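Let's take a walk through this structure together, one stop at a time.

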Amino acid sequence: MKKIKFLLLMAMVMTMSLTMSADDDDRVITFDQLPQTAQAFHKAHFATKAPLLVTADWDDYTIRYESGEKVEFDRSGNWKDIECYNGKVPAAAVPTQISTYVTNTFPGKSIIKIERHRSVYEVKLNNGMEIEFNRNFQVIDTDYDD
């Protein structure tokens with residue numbers, strides 16, 4: 001059983017690697033080749049998870065985990081997208097103002113995705129709600145994912 005699981009995992013990694021490199025010019029790198037900021041983020045928020053695949057392209061880095069999580073970083077190693085569709089984004093990775101708003105407004109719901117752009121944070125909850133915050137953490141838009 002372990003052998004089959006390992007072979008399936010290796011097939012998945014190879015398929016992901018070939019697909020991603022063909023589509024996005026991503027190249028597989030080692031964890032140690034990530035910027036120090038990205039390595040520190042992983043150690044602070046995903047230390048219990050081993051990276052399945054680490055890639056780089058001309059403008060960002062990505063860590064994919066076996067359990068489905070994905071974190072994208074900019075060239076400096078600052079996170080720009082965290083996806084945890086099989087769980088929730090680590091609370092310590094979310095700005096306090098956003099966590100407080102979600103906890104107070106949507107009790108019992110979890111953040112499963114957060115994206116950071118220059119002046120906007122986009123958050124997706126496990127109930128399908130999508131919320132946009134400006135750089136001052138004020139809600140500027142809400143929508144349900146259909």
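Helices (H or I, at least four residues) and strands (E, at least two) here are DSSP runs, numbered from the N terminus. Before we set off, a bit of housekeeping: this is a predicted model, where local features need pLDDT of at least 70, side-chain atom pairs count only at pLDDT 80 or more, and totals for chains, interfaces and linings use all residues. Residues are numbered from 1 along each chain as its sequence is written, and side-chain values use heavy atoms, with hydrogens and water left out.

Our first stop is serine 110, in the loop between α3 (96-105) and β6 (111-116). Is serine 110 buried or exposed? Buried means under 20% relative accessible area, exposed means over 50%, and partly exposed is in between (1.4 Å probe, protein chains only). With a relative accessibility of 17%, serine 110 counts as buried. As for contact, that means heavy atoms within 4.5 Å. Setting aside neighbours within four places in sequence, serine 110 touches Lys88, Lys124, Leu125 and Asn126. Now look at isoleucine 111: with neighbours within four places in sequence left out again, its contacts include Val94, Ile98, Val102 and Val123.

Next, strand β5. Four of its five residues are buried, so it is mostly covered. Two strands pair if DSSP finds at least two bridges between them. On one hand, β5 pairs with strand β4 (residues 70-74) in the antiparallel sense, over four bridges. These two form a hairpin with four residues between them, and glycine 77 in the turn has a positive phi of about 95°. Phenylalanine 73 has tryptophan 79 in β5 as its bridge partner. On the other hand, β5 and β6 run antiparallel and are joined by three bridges. There, glutamate 83 stands opposite lysine 113 in β6.

Now for the rings. Those of Phe, Tyr and Trp (its six-membered ring) pair if their centres lie within 6.5 Å; planes under 30 degrees apart count as stacked, over 60 as edge-to-face and the rest as tilted. How many aromatic pairs does a search of the whole structure find? It turns up seven. One of them is phenylalanine 46 with tyrosine 65, stacked at 5.0 Å centre to centre with 15° between the planes. Phenylalanine 46 is in the loop between α2 (36-45) and β2 (51-56) while tyrosine 65 belongs to strand β3 (residues 60-65), so this pair ties together parts that are 19 residues apart in sequence. Phenylalanine 46 is buried at 3% relative accessibility, and tyrosine 65 is buried with a relative accessible area of 3%.

In another pair, tryptophan 79 and tyrosine 121 have ring centres 6.5 Å apart and planes at 50°, so the pair is tilted. Tryptophan 79 sits in strand β5 (residues 79-83) and tyrosine 121 in strand β7 (residues 120-125), so parts 42 residues apart in sequence are tied together. Both of these residues, tryptophan 79 and tyrosine 121, are buried. Ring pairs also link Phe41, Phe46, Tyr65 and Phe73 into a cluster.
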